[in-house]
Amino acid sequence: MVVVGIAGTILPALPGIPVVFAGLLIAAWADGFQHVGTLTLVVLGLLTVFALIVDFVAGVAGAKRVGASRRAVIGAALGTLVGIFFGLPGLLLGPFLGALCGELAAGGGLQKATSVGLGAWLGFVVGTVVKLGVCFAMLGIFSLAWLV
């Protein structure tokens with residue numbers, strides 16, 4: 001589950017961080033919570049909630065920071081979902097193209113639409129990097145608790 005969860009931190013269709021948390025919870029449970037206790041699990045749960053908030057806010061914040069319209073934000077979300085089906089190029093270009101098309105549909109000029117697309121893409125990338133960092137922090141905390 002942890003490996004699938006790590007993949008899910010990159011692929012927007014999978015709930016990555018919650019799956020990592022579930023895998024770590026099952027591992028702690030399998031050991032009878034002897035190595036990993038309540039405090040560690042609460043910290044891991046809080047990190048999970050934090051990562052979910054980052055996931056929700058990052059792309060929207062990136063687009064909004066450059067003045068995106070509502071259609072551009074929706075376009076970025078749709079572009080991300082459609083991009084999943086086109087592998088890594090789709091994941092990288094989907095948020096950009098979705099926000100670009102959404103801003104153009106809202107009546108924005110090409111220059112503004114490009115700026116909004118870049119903002120949405122940067123938000124997606126920053127959010128993914130933060131989620132990966134949180135994921136590996138969770139693994140480190142779990143490992144440390146297991147060893148101590």
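## A buried serine in a loop

Ser 69 is buried, at a relative accessible area of 18%; buried means under 20% relative accessible area, exposed over 50%, and partly exposed in between (1.4 Å probe, protein chains only). Ser 69 lies in the loop between α3 and α4 (70-83). Helices (H or I, at least four residues) and strands (E, at least two) are DSSP runs, numbered from the N terminus. Not counting residues up to four places away in sequence, Ser 69 touches Gly 102, Glu 103 and Ala 106, where contact means heavy atoms within 4.5 Å.

## Basis of the model

This is a predicted model, in which local features need pLDDT of at least 70 and side-chain atom pairs count only at pLDDT 80 or more, while totals for chains, interfaces and linings use all residues. Residues are numbered from 1 along each chain as its sequence is written, and side-chain values use heavy atoms, with hydrogens and water left out.

## Nonpolar cores

A nonpolar core is a set of buried Ala, Val, Leu, Ile, Met, Phe, Trp, Tyr and Cys residues joined through side-chain atoms within 4.5 Å. The largest one has 14 residues, and Leu 24, Val 36, Leu 44, Met 138 and Phe 142 have the most contacts inside it. Two or more residues come from each of α2 (16-30), α3 (38-65) and α6 (110-147). The most come from α6, which gives 6 residues.

Leu 44 touches Phe 21, Leu 24, Met 138, Ile 141 and Phe 142, leaving out residues up to four places away in sequence. A second, separate core has 8 residues, including Ala 63, Ala 68, Ala 76 and Val 116.

Thr 128 is placed in helix α6 and is buried, with a relative accessible area of 11%. Apart from neighbours within four places in sequence, Thr 128 is in contact with Thr 9 and Ile 10.
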